[in-house]
Amino acid sequence: FKLDTSKLEKAIEEGRAEIKKGIYTDSTVADLEEAIKDGETHLEGEFTSQELIDKAQENIEEKIEALEI
């Protein structure tokens with residue numbers, strides 16, 4: 001039984017790309033970094049579920065949307 005982590009991996013990549021732009025406020029970048037860290041935990045975690053992976057992906061995407069200049 002293999003979990004689908006492709007969307008989470010894509011969200012992490014997108015988040016990192018946005019952070020590299022260096023144009024966003026520190027607080028919104030910090031929120032995104034925290035969401036990415038959480039997502040990476042689910043990529044590596046053996047005690048995760050598809051639901052947790054999907055939530056982590058959605059959280060990262062929400063933090064990307066919330067980035068402020």
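The buried residues of helix H2 are Thr28, Val29, Leu32, Ala35, Ile36, Gly39 and His42. Seen down the helix axis, they fall within an arc of 135°, so they line one face of H2. This is a predicted model.

**Helix H2**
- H2 covers residues 26-44, 19 residues in total.
- At 1.5 Å a residue, H2 should span 27 Å, and its end C-alpha atoms are 27 Å apart, which agrees.
- An α-helix has 3.6 residues a turn, so residues three or four places apart point the same way.
- Asp26, Glu34, Lys37 and Glu44 are exposed on the other side of H2.
- The cover over the buried residues of H2 includes helix H1 (6-20) and helix H3 (50-65).

**The nonpolar core**
- The largest nonpolar core has 14 residues.
- Leu8, Ile12, Leu32, Ile36, Ile60 and Leu67 touch the most other members.
- At least two residues of this core come from each of H1, H2 and H3.
- In soluble globular proteins, nonpolar side chains tend to be buried together.

- Ile36 is one of the buried residues of H2.
- Not counting residues up to four places away in sequence, Ile36 touches Ile12, Gly15, Arg16, Ile19 and Ile60.
- His42 also sits in helix H2.
- The relative accessible area of His42 is 15%, and buried means under 20%, so His42 counts as buried.
- Leaving aside neighbours within four places in sequence, His42 contacts Leu8, Thr48, Leu52, Ile53 and Ala56.

How values were computed. Residues numbered from 1 in each chain as written. Predicted model: local features only at pLDDT ≥ 70, side-chain atom pairs only at ≥ 80, totals over all residues. Heavy atoms only, no water. Helix = DSSP H or I, 4+ residues; strand = E, 2+ residues; numbered from the N terminus. Expected span 1.5 Å × (residues − 1). Buried < 20%, exposed > 50% of the residue type's maximum accessible area, 1.4 Å probe, protein only. Arc of directions from axis to C-beta. Contact = heavy atoms within 4.5 Å. Core = buried A, V, L, I, M, F, W, Y, C linked by side-chain atoms within 4.5 Å.
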